[in-house]
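Hi,

Here is the structure I promised to pass on to you. Have a look at it first, and then read on for my notes.

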Amino acid sequence: MTGLIEFLPAVGQGLLTTASIAVLSIVGCALVAIVLGVARRSRNQVVKLAAGSIVELLRGASVLIYLFWVYYALPLVPGLPHFSPLVVSIVVLSLVGGAYGAEIVVSGLQAVPRGQAEASQALGLSKFLTLTRIVLPQALTQIVPAFASLAIDMVKWTSVVSFVGVQDLLSVANTIRTITYSTVGVYVGVALLYFLLCLLTSWFFQRIEHSLPLNRALRAASTPDARSCPATLVLKSQGSPP
Amino acid sequence: MSWDWDYAASIMPQLLFGVVVTILVTIACSAIALAGGLLMAIVQMNAGRAGHYATRVLQEIFRGVPILVLLYFGFYALPEIGVLLPGAVVGILVLGVVYAAYCSEVYRGALMTIPVGLRDASAALGLSPFAMWHRVLIPIAVRKSLPALMNYVLVLYKQSSFLFAIGVPVLLAQAQLAGYQSFRYLEPYTITGVLYVLMNVPLVLYQRRFNLRLAAGSS
């Protein structure tokens, strides 16, 4: 176990790589999820069908299959460039994660009452403003908790990038194993580091959930000093008999 | 490099063997996950504080550590402790146990929504605790959990491709082997991707129909 100390810099490097891939692909996944999710609810049947097919296709096989195909098979098609392993990893993770995220976005958008969008339209808001200012902020209250567990899955999925030659945490661990043969220590340590990364992700999303506009408003409404607010006083005085 | 149909045809037997292995692995993992999950949920709800915390810790570990790390641990580290198992067994056990942890949450949720009155009624009828679980609570919990459990079976099917990492001849491993042997990767990986997606279609369709039937039955 003491022999493992000298590998600490390498492990730190691997951890950093894994963490940056995780952050970039979670951000990419969120963007893909919003685009695909909104497209799936489009009135335009072609857009709707296209988005639906892309989501079903990307959810049809594991992230590993797509990573192998894009990295090993796609460059063999004439005229297609060979991207770096890092780029391929982040793009594939974002797309596959985004396909799962799209479902979350769709059910989040469905949870917002139709009247909200209709009211915005009646007030003359453009479609884009209705989505970004009215519907999405409310949908986020539903979307963020579900997205948090997807993000944790994404952190764990990043371990597949070791197969295309990215020096992430897992591939560093494999290298250390072949040098030191102290298998148990290496994998227990790596498992612990991944576990901490997942905890960190979970904590981060809890913070986001806490700061969402609708949640903040709900909290403000339920705090004790809200009782002294004039509006509630009026309601109370109306409700109770004199 | 362009597509070579003759080569594609020549590797088909190899890939179809991978398909068979993938299906077998999926069935074995699902059996472990569905049965083990139920067992974990029952232990968690009945074995007192110690049982509750023990299952909770297991669940957290299996949900916070990537499957690849657990597979490598089972494949490389367990022999060091003296447990020597074939790769396929390690793979099936790891996948099965990890998803048993996920499934146990589903079962637990279902068990918790069963009204207390049913337990009281079973006690009033003089059913033994075993009969109460076996004949009353578990059948109800399983029926309530089915849609979510089916989802995990679908996930397991996709995750079975990870077993190639420890040399189990699932479809992906067979594709890689075919590629190594002839230095042509386009065909094996493309056919593999298409096969994985195609095999997923009947599963998804069945799940959808099943959910519709369930929704129709409950209303």
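Among contacts in chain B between residues at least 6 apart in sequence, what percentage join residues at least 24 apart? The figure is 80%. Please keep in mind as you read that this is a predicted model.

Let me start with chain B as a whole. Along the principal axes, the C-alpha atoms of chain B fill a box of roughly 75 × 50 × 25 Å. Of the 219 residues in chain B, 36% are buried.

Next, the place where the chains touch. Chain A brings 26 residues to this contact and chain B brings 27. On the chain B side, at least two residues come from each of helix H3 (67-81), helix H6 (129-159) and helix H8 (186-218). Sorted by class, that side of chain B has 17 nonpolar, eight polar and two charged residues.

Helix H6 of chain B also packs within its own chain. The axes of H6(B) and helix H4 (residues 87-113) of chain B come within 8 Å and cross at roughly 150°. That angle makes H4(B) roughly antiparallel to H6(B), and the crossing is right-handed. From H4(B), the residues that take part include B:Tyr99, B:Tyr102, B:Cys103 and B:Tyr107; among those they meet in H6(B) are B:Lys144, B:Ser145, B:Leu149 and B:Tyr152. By class, this contact has 14 nonpolar residues, three polar and one charged.

Now for the helix pair in chain A. Helix H4 (residues 85-111) of chain A packs on helix H6 (residues 127-157) of chain A at an angle of about 150°, and their axes are 8 Å apart. H4(A) is therefore roughly antiparallel to H6(A). Here, too, you will find a right-handed crossing of H4(A) and H6(A). The contact of H4(A) with H6(A) divides into 14 nonpolar, four polar and no charged residues. On the H4(A) side, A:Gly97, A:Gly101 and A:Gly108 are among the residues involved, and H6(A) contributes residues including A:Gln142, A:Phe147, A:Met154 and A:Trp157.

Best wishes, and enjoy the model!

Terms used:
Residues are numbered from 1 along each chain as its sequence is written. Chains are lettered from A and ligands numbered from 1 in the order in which they are written. This is a predicted model: local features need pLDDT of at least 70, side-chain atom pairs count only at pLDDT 80 or more; totals for chains, interfaces and linings use all residues. Two residues are in contact if their C-beta atoms, placed from the backbone, lie within 7 Å. Helices (H or I, at least four residues) and strands (E, at least two) are DSSP runs, numbered from the N terminus. Ala, Val, Leu, Ile, Met, Phe, Trp, Tyr, Cys and Pro count as nonpolar, Asp, Glu, Lys and Arg as charged, and the others, Gly among them, as polar. Axes are lines fitted to C-alpha atoms, for helices over the stretch in contact, and angles run from 0 to 180 degrees between N-to-C directions. Angles under 35 degrees count as roughly parallel, over 145 as roughly antiparallel, 65 to 115 as roughly perpendicular and the rest as oblique. A crossing is left-handed if the near helix is turned anticlockwise from the far one by less than a right angle, and right-handed if clockwise. A residue is buried if 20 or more other C-beta atoms lie within 10 Å of its own, exposed if 12 or fewer, and partly exposed in between; C-beta atoms are placed from the backbone.
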